[in-house]
Amino acid sequence: MNIVIYPDTVLRKKAKPLTEINLEVHKKAEKMIELMRQSQGIGLAAPQVGWSVRLFIIDFGGNSSGDKVFINPSIIEEAGETNKEEGCLSFPGIMGKVIRARRIKACAYNLKGQKIEVVLDDLLARAWQHELDHLNGCLFIDRMSPASRFAASPQLKELERLHKKTRVPV
Ligand SMILES: [Zn+2]
């Protein structure tokens, strides 16, 4: 399992809901958690490992209740606004300012198939919104402030160039 880098097309696909939480889902989610830790990210969405389903993981930092895997998630309510720097494991080296809701109330299913509800603030709320976007094929560069997007454009072009280079001709 590897992290898919921009501009791979899987990152632009709308991910499908998971209809069954089987052993394969458990195994893949576990591998994603490992990969996220190795990469020092705080969140990772299934499309970022080439798996186009509605699942993401968030690192709640030490507090390892089983609820760091979120399946078929949605946001119920959002409040406030914050404008902070954000990064993404699919965009190595790129940061940019993104406006997000400061607090969210959200729901999802956990790995046991139980419906869970969470209220999150600040960084965790931001991570949740970022990962949910991934499931809809929306990337943080789409939401970046024009100034951040402009500043990141040379690095984005470089990632696009590298992607072309690594592609196998058919
Ligand atoms: Zn991301």
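The buried residues of α1 are Ala29, Met32 and Met36; a residue counts as buried if 20 or more other C-beta atoms lie within 10 Å of its own, and as exposed if 12 or fewer do, with C-beta atoms placed from the backbone. This is a predicted model, in which local features need pLDDT of at least 70 and side-chain atom pairs count only at pLDDT 80 or more, while totals for chains, interfaces and linings use all residues. Residues are numbered from 1 along each chain as its sequence is written.

An α-helix has 3.6 residues a turn, so residues three or four places apart point the same way. On the other side of α1, the exposed residues are Leu23, Glu24, Lys27, Glu34, Arg37 and Gln38. The buried residues of α1 pack against β1, β2 and β3; helices (H or I, at least four residues) and strands (E, at least two) are DSSP runs, numbered from the N terminus.

The largest nonpolar core has 24 residues, and those with the most contacts inside it are Leu55, Phe56, Ile57, Phe70 and Trp128. Such a core is a set of buried Ala, Val, Leu, Ile, Met, Phe, Trp, Tyr and Cys residues joined through C-beta atoms within 7 Å. Two or more residues of this core come from each of α1 (23-38), β1 (43-45), β2 (55-58), β3 (69-79), β6 (103-109) and α2 (122-135). The largest share, five residues, is that of α2.

Technical notes:
Two residues are in contact if their C-beta atoms, placed from the backbone, lie within 7 Å.
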